Amino acid sequence: MQKLRIRYAKRGRLRFTSHRDFGRAFERAVRRAALPIGYSSGFTPHPKISYAGASPTGAASEAEYLEIGLTRELEPASVRDRLDEALPDGLDILDVVAATPGALADRLEASHWQVRLPGLALADVHQAVSAFEQRDEILVERMMKRGPKTFDIRAAVVSLRAESDPDEAACAILDLVVRHGTPSVRPDDVLVGLRSACGLATGQTPVATRLAQGPLDPETGTVGDPLAHDRDAS
């Protein structure tokens, strides 16, 4: 059995693809690509595909990850090309590597997000970010499967800064690094906190893009490549 780790992107309109919809699309792509996918044993066998750290529906991403198990070895570059050809534009396979021992999920410690805020002035966003950084606790409420849950988001935010958008004057950008945990803190949670506790205006619909997901460097606050060890080993 060959285990491969895959990085893929959700771009453009395909950012509205739910995790379940992507799973169905990916299984179809595996069949179209004629990959020798392995199956679990038991009464209802399932293809050996496991997902890690999926982004919320509506968020674009350059750093989504999954693993597949194949019944015979194939060149990772060939698998990448065959899957990318079989998936619709906007669901793009970026990298495929042979897996080394250890759980991929354990390497996904943090995410680096960029959030565009159309209609908001940079000075106003700066002011809200400064207020956020001065707080020790910021509580937000989110609807969970078992009902609404209130939790603190402040401790999960490693870094947060406001930047100008070079392509649009009336738009600010949030650069955000957030540590993974339970419950996971999402960009929309941070926006809720900025609005409810720090005075950020609503503006137009924000667009969040995950730029990276992987191990967190505690000294620099940067997010590394979770596939680097696999790539080096190969």
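Student: How much area do domain 1 and domain 2 bury between them, and what makes that area "buried"?
Tutor: In this predicted model, domain 1 and domain 2 bury about 760 Å² between them, with 53% of that area on carbon and sulfur atoms. The area is called buried because it is accessible area that the two parts lose on being put together, summed over both. On the side of domain 1, Pro56, Ala60 and Ala63 lose the most area to domain 2, and together they account for 44% of what that side buries.

Student: Which residue ranges do these two domains cover, and how many residues are in contact?
Tutor: Domain 1 covers 2-106 and domain 2 covers 110-214, and their C-alpha centres lie 28 Å apart. The contact itself involves 14 residues of domain 1 and nine residues of domain 2, where contact means heavy atoms within 4.5 Å.

Student: Why is the pair of Arg210 and Glu64 called a salt bridge?
Tutor: The closest N and O atoms of Arg210 and Glu64 are 2.8 Å apart, and the label requires a side-chain nitrogen of Lys or Arg within 4 Å of a carboxyl oxygen of Asp or Glu, so the pair qualifies. The count between domain 1 and domain 2 is one salt bridge, while seven residue pairs are in polar contact across the interface. Strand β3 (residues 60-70) supplies six residues, the largest share of the side of domain 1 that touches domain 2. By class, that side has seven nonpolar, three polar and four charged residues.

Student: What makes Gln213 a buried residue?
Tutor: Gln213, in strand β10 (residues 207-214), has a relative accessible area of 1%, and because buried means under 20%, Gln213 is given that label. The side chain of Gln213 reaches the backbone oxygen of Ala63 at 2.8 Å and the backbone oxygen of Gly53 at 3.5 Å. Beyond its neighbours within four places in sequence, Gln213 is in contact with residues including Glu64, Tyr65, His180 and Val223.

Student: How do you know that the salt bridge of Arg11 and Asp92 ties together parts that are apart in sequence?
Tutor: The side chains of Arg11 and Asp92 meet at 3.0 Å, N to O. Arg11 lies in the loop between β1 (2-10) and α1 (19-32), whereas Asp92 lies in strand β4 (residues 91-98), so the pair links parts that are 81 residues apart in sequence.

Student: Are Arg11 and Asp92 buried or partly exposed?
Tutor: Asp92 has 15% relative accessibility and therefore falls under the 20% limit for buried, whereas Arg11, with a relative accessible area of 32%, lies between 20% and 50% and is therefore partly exposed.

Student: What separates Asp21 and Arg24 in helix α1?
Tutor: Asp21 and Arg24 are three residues apart in helix α1, so about one helical turn separates them. Their salt bridge has its closest N and O atoms 2.4 Å apart.

Student: How many salt bridges does the structure hold, and which residues are linked in a network?
Tutor: The structure holds 15 salt bridges, and Arg5, Glu67, Arg107 and Asp230 are linked in a network of them.

Methods: Residues numbered from 1 in each chain as written. Predicted model: local features only at pLDDT ≥ 70, side-chain atom pairs only at ≥ 80, totals over all residues. Heavy atoms only, no water. Domains from an automatic or database assignment. Buried area = accessible area lost by both parts, 1.4 Å probe. Polar contact = N/O pair within 3.5 Å; in protein donor to acceptor, adjacent residues only side chain to side chain. Helix = DSSP H or I, 4+ residues; strand = E, 2+ residues; numbered from the N terminus. Nonpolar A, V, L, I, M, F, W, Y, C, P; charged D, E, K, R; others polar. Buried < 20%, exposed > 50% of the residue type's maximum accessible area, 1.4 Å probe, protein only.
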